[in-house]
Amino acid sequence: MRPKRRSPRRGAFGAPAAAPAAAPAAAPAALRPLRSWLFVPGDSERKQEKALGSAADAVILDLEDSVALAQLPAARARVANLLRSRRTAGAPQLWVRPNAPASGLLHEDLAALFAGGAPDGLVLPKVAAPEEIIAVARRLAALEARAGAKAGGTRLLVIATETPAAVLALPQYPAALGGARALGERLAGLTWGAEDLGAALGVLAQRDSAGALTFTFQLARAHCLLAAAALGAQAIDGVCTDFRDPARLQHELDAARRDGFSGKLAIHPDQIAAINAAFAPTDAEREHAQRVVAAFATAPAAGVVSLDGRMIDRPHLLQAQRILAVAQRARGGT
């Protein structure tokens, strides 16, 4: 039997679409679109303090690439302690990047995390196939039940392009994940990365002489974007590795927003303000979105309505709802 497709009423920003008869209700804080995702080593108290004091929507406590194997037990304990601590209103969400499904370390990572308290989500690295995502979702369900945490509350951001096999598997995601009961609403988004893929391919450079991504990396980025949109999840752009180059960061942000990404990974707190600003709708965009929603609210059964002498249909409504969800996050959830 062909898997059921996830409801089209979830927007590309990952926020639930509102009923067409009225303006969209405020989404729960955990489900509002996240613009900025800041990596910080799991074993560095100093860097964590700085990250947690930033304006990032989410702080990613890293147990993978930035932590040496000998330091992993201490990093797990440190991260579990942070998850156990009281979180203040308006503070960044706490996400964790554990080790990859194929590493042999993931189960121990998750057991240590849930001994402290369930994170808001996991950033799952080096995923080779959608079946690995479903297996992690099942494991999370068991851990949540054992810890008395909210079922389905631990969400997933999948780094989906870190190996050649991972890039080739991306076209399978909509069919494999769209109807997976074990996954439910856990999938917050997909993101892509060039560093590990470049190492796996043995490339000499990821960009050409003009600074543009070479074809292989453009392909990985595009597949990530398309798969996320097909699943109704956020598409999150990868990191700008040169945090001392604000012009390059802004160039990447302009391209990401133009192409449909709704957030970006960061490796330094100095990148957060630019990322948040780039993915916050302008006043004009927000005002137009409100008028689109209001137009459909006056004709809830209509598939097409008129606004400013133009005919607009349901895709315009969905886009308007996405914009308002992002605007709500930009205003701090008020």
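S54 is found in the loop between α1 and β2 (58-62); helices (H or I, at least four residues) and strands (E, at least two) are DSSP runs, numbered from the N terminus. The model is predicted: local features need pLDDT of at least 70, side-chain atom pairs count only at pLDDT 80 or more, and totals for chains, interfaces and linings use all residues. Residues are numbered from 1 along each chain as its sequence is written, and side-chain values use heavy atoms, with hydrogens and water left out.

With a relative accessible area of 17%, S54 is buried (buried means under 20% relative accessible area, exposed over 50%, partly exposed in between, with a 1.4 Å probe and protein chains only). A polar atom of the S54 side chain lies 2.6 Å from the backbone oxygen of A51, and a polar atom of that side chain lies 3.2 Å from the backbone nitrogen of A56. Leaving out residues up to four places away in sequence, S54 touches L38 and P92, where contact means heavy atoms within 4.5 Å.

## N276 in helix α10

N276 is placed in helix α10 (residues 272-278) and counts as buried at 9% relative accessibility. Its side chain makes a polar contact of 2.7 Å with the side chain of S36. A polar contact is a pair of N or O atoms within 3.5 Å; within protein, one must be able to donate a hydrogen and the other to accept it, and residues adjacent in sequence count only if both atoms are side-chain atoms.

Not counting residues up to four places away in sequence, N276 touches R35, S36, A55 and D57.

## Chain overview

The chain holds twelve helices and ten strands. Of its 334 residues, 47% count as buried. Among contacts between residues at least 6 apart in sequence, 70% join residues at least 24 apart.

## The largest pocket

About 1,000 Å³ of space lies in the largest pocket. Of the 43 residues that line this pocket, G238, V239, T241, L265 and I267 are the closest to its centre. Elements giving two or more residues to the lining are β1 (36-41), α1 (45-52), α7 (195-201), α8 (215-231), α9 (246-259) and β8 (263-266). The largest share, seven residues, comes from α9. By residue type, the lining divides into 16 nonpolar, nine polar and 18 charged; Ala, Val, Leu, Ile, Met, Phe, Trp, Tyr, Cys and Pro count as nonpolar, Asp, Glu, Lys and Arg as charged, and the others, Gly among them, as polar.

The search runs on a 1 Å grid over the protein atoms alone: a cavity is a set of points where a 1.4 Å probe fits but cannot get out, and a pocket is an open set with protein on both sides within 12 Å along at least five of seven lines; lining residues have an atom within 4 Å of a point. Grid points are joined across faces, edges and corners, and a volume is the space filled by probe spheres set on the points.

L249 lies in helix α9 and is buried, with a relative accessible area of 6%. Not counting residues up to four places away in sequence, L249 touches C240, K264, Q271 and A274. A274 is 25 residues from L249 along the chain, and their C-alpha atoms are separated by 8.1 Å.

G263 belongs to strand β8 and is buried at 0% relative accessible area. Setting aside neighbours within four places in sequence, G263 is in contact with L34, R35, A235, I236, D237 and F279. G263 and G238 are 25 residues apart in sequence, with 8.9 Å between their C-alpha atoms.

## Cysteines

The count of disulfides comes to zero, a disulfide being a pair of cysteine sulfur atoms within 2.5 Å. C224 is buried, with a relative accessible area of 0%, and C240 counts as buried at 1% relative accessibility.

## Positive phi angles

Most residues other than glycine have a negative phi. K126, which is not a glycine, has a positive phi of about 50 degrees. K126 lies in the loop between β4 (121-124) and α4 (130-147) and counts as partly exposed at 25% relative accessibility.

D308, also a residue other than glycine, has a positive phi near 55 degrees. D308 is found in the loop between β9 (304-307) and β10 (310-313), and at 54% relative accessibility D308 counts as exposed.
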